[in-house]
Amino acid sequence: MLSSMGKQSTPHAARLIFARNLRQARRLKEVSQEALALQAGLSRTYVSEVERGERNVSIDNMGLLADALKVDLKDLLDPSFIKSF
C-alpha cells in the first residue's frame, strides 16, 4: 500500500499517447511550442511538459490544445493516429 502513496514514477499510457500525438501533430503542422501555447492560452513550459509526458494534463487543456491545432481531441488519444495523419 505504501508504494502507491508516493509520486507515480511512470506516466500512464494514455498520457504518453497524448504526448506523442500532440508533439507529432504540432510538428507536422509546423507550429512551434510557443505558437501552440499562445493559441491555446497556455504557457510554453506547460506545453513542453505535456509533450514530454511529464504533466498530467486536464481534459479541458487537452481540448484547448486540440482546438489550437485544429484536430479532434479523440485523435490525439488514438494510439494509431499519427500513422494515419
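Modeller: Residues 24 or more positions apart make up 61% of the chain's contacts with a separation of 6 or more, where contact means heavy atoms within 4.5 Å. This is a predicted model, in which local features need pLDDT of at least 70, side-chain atom pairs count only at pLDDT 80 or more, and totals for chains, interfaces and linings use all residues. Numbering starts from 1 along each chain as its sequence is written, and side-chain values use heavy atoms, without hydrogens and water.

Colleague: How many helices and strands does the chain have?

Modeller: Six helices and zero strands. Helices (H or I, at least four residues) and strands (E, at least two) are DSSP runs, numbered from the N terminus.

Colleague: Which residues touch the most other members of the largest nonpolar core?

Modeller: Phe18, Leu22, Leu36, Val50, Leu65 and Leu76, out of 19 residues. Such a core is a set of buried Ala, Val, Leu, Ile, Met, Phe, Trp, Tyr and Cys residues joined through side-chain atoms within 4.5 Å; buried means under 20% relative accessible area, with a 1.4 Å probe and protein chains only.

Colleague: Which helix gives the most to this core?

Modeller: H4, with five residues.

Colleague: And what does Leu76 touch?

Modeller: Leaving out residues up to four places away in sequence, Leu76 touches Ile17, Phe18, Asn21, Leu22, Ala25, Ala66, Val71 and Phe81.

Colleague: New topic: which residues of H2 meet H3?

Modeller: Gln33, Glu34, Leu36 and Ala37 of H2 meet Arg44, Val47, Ser48 and Glu51 of H3.

Colleague: How much of the chain counts as buried?

Modeller: 38% of its 85 residues.

How values were computed:
Buried means under 20% relative accessible area, exposed over 50%, partly exposed in between (1.4 Å probe, protein chains only).
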